[in-house]
Amino acid sequence: MQITKDTIIGDILDADFDVAPYFLEIGMHCLGCPASRGETIEEACAVHGNDPEQLVAKLNAHFAAKAN
């Protein structure tokens, strides 16, 4: 899975819930909330004051490691 700042959080969690800690460690604690599952990485990071590119990089590294 290739993650961009426009990827929907719910789609990422559906692909691999093991990424949940990446969201939790930057203050995104409401992962089960219907609103958060429909947000993009960029939207959620804006609300929580985080850099979306850093989260995208972590998530892509995770999925790349799982593919190998």
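## A buried histidine

H62 is buried, with a relative accessible area of 14% (buried means under 20%, exposed over 50% and partly exposed in between, using a 1.4 Å probe and protein chains only). This is a predicted model, in which local features need pLDDT of at least 70 and side-chain atom pairs count only at pLDDT 80 or more, while totals for chains, interfaces and linings use all residues. Numbering starts from 1 along each chain as its sequence is written, and side-chain values use heavy atoms, with hydrogens and water left out.

H62 sits in helix α5, and its side chain makes a polar contact with the side chain of D16 at 2.7 Å (a pair of N or O atoms within 3.5 Å, one able to donate a hydrogen and the other to accept it; residues adjacent in sequence count only if both atoms are side-chain atoms). Leaving aside residues up to four places away in sequence, H62 touches D16, D18, V19 and Y22 (heavy atoms within 4.5 Å).

## The cavity

The structure holds 1 cavity of 30 Å³ or more (grid points, on a 1 Å grid over the protein atoms alone, where a 1.4 Å probe fits but cannot get out). The largest cavity has a volume of about 40 Å³, taken as the space filled by probe spheres set on the points.

Its lining (residues with an atom within 4 Å of a point) includes I9, M28 and H48. The lining divides into 5 nonpolar, 2 polar and 1 charged.

## Confidence

The protein averages a pLDDT of 93 (the predictor's confidence in each residue, from 0 to 100). Confidence is lowest in helix α3 (residues 34–37), with a mean of 83, and highest in helix α5 (residues 52–67), at 96; helices are DSSP runs of H or I with at least four residues, numbered from the N terminus.

How values were computed:
1 Å grid on protein atoms, 1.4 Å probe; cavity = no way out; pocket = protein on both sides within 12 Å on 5 of 7 lines; lining within 4 Å. Nonpolar A, V, L, I, M, F, W, Y, C, P; charged D, E, K, R; others polar. Helix = DSSP H or I, 4+ residues; strand = E, 2+ residues; numbered from the N terminus.
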